[in-house]
Amino acid sequence: MTVTIKRDTGFLGMLGSLKLLINGKVVGKVAHNDTIELDLSHDEAILHISQGGSRSNKVRVRNGDTVVIKTVTRTKILFLTMFAVPALLLLLPASFSSRPYIGIAAITVIGIIMLASETYKITKIP
């Protein structure tokens, strides 16, 4: 069984290779903007990916399927928010002594939300 996997994760998802998991076992990796063909021994399998705590949805794949991996829009927004929060906190008066702590707390919470949710989405291409 052969499945074609295209990675189109854009700027945000370009760091490092994504681990490909079939039925919960690592079977390979896919690099940024890469397309690979994965040979599988089963007629049907469950594909998902992971990378340093990030994960994706699970997709049932069959022989001849083509899937694309993209970064979830929510992840892009949260990533930009991590930079926007400290910038917005600079607008607070300099006498507001808790400003650095609020920024650190906000970035930490946003980071946890990013890791707790699906970062990537696998979609079958007809």
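What radius of gyration does the protein have, and what would a compact globule of 126 residues have?

1. Overall size. The protein has a radius of gyration of 18 Å, whereas a compact globule of 126 residues would have one near 14 Å. The radius is taken over C-alpha atoms, and the globule rule is 2.2 Å times the number of residues to the power 0.38. Along the principal axes, the C-alpha atoms fill a box of roughly 65 × 20 × 20 Å.

2. Basis of the note. This is a predicted model, in which local features need pLDDT of at least 70, side-chain atom pairs count only at pLDDT 80 or more, and totals for chains, interfaces and linings use all residues. Residues are numbered from 1 along each chain as its sequence is written, and side-chain values use heavy atoms, with hydrogens and water left out.

3. Elements. The protein has two helices and nine strands, in the order β-β-β-β-β-β-β-β-α-α-β from the N terminus. Helices (H or I, at least four residues) and strands (E, at least two) are DSSP runs, numbered from the N terminus.

4. Of the 126 residues, 33% count as buried. Buried means under 20% relative accessible area, exposed over 50%, and partly exposed in between (1.4 Å probe, protein chains only). Among contacts (heavy atoms within 4.5 Å) with a separation of 6 or more, 68% join residues 24 or more positions apart.

5. Helix α1. This helix covers residues 73-89, and its 17 residues should span 24 Å at 1.5 Å a residue; the end C-alpha atoms are 24 Å apart, which agrees. The expected span is 1.5 Å times one less than the number of residues. At M82 the helix bends by about 30 degrees, and the proline P86 follows within four residues. The bend is the angle between axes fitted to the seven residues ending at a residue and the seven starting there.

6. Packing of α1. T75, L78, V85 and L89 are buried in α1. The buried residues of this helix pack against β8 (66-71) and α2 (99-116).

7. T71. This residue is in strand β8 and counts as buried because its relative accessibility is 8%. The T71 side chain reaches the backbone oxygen of T9 at 2.7 Å. Beyond its neighbours within four places in sequence, T71 is in contact with residues including D8, L12 and Y120.

8. G10. This residue lies in the loop between β1 (2-7) and β2 (18-22). With 29% relative accessibility, G10 counts as partly exposed. G10 and K70 are 60 residues apart along the chain, and their C-alpha atoms are separated by 7.5 Å.

Notes: A polar contact is a pair of N or O atoms within 3.5 Å; within protein, one must be able to donate a hydrogen and the other to accept it, and residues adjacent in sequence count only if both atoms are side-chain atoms.
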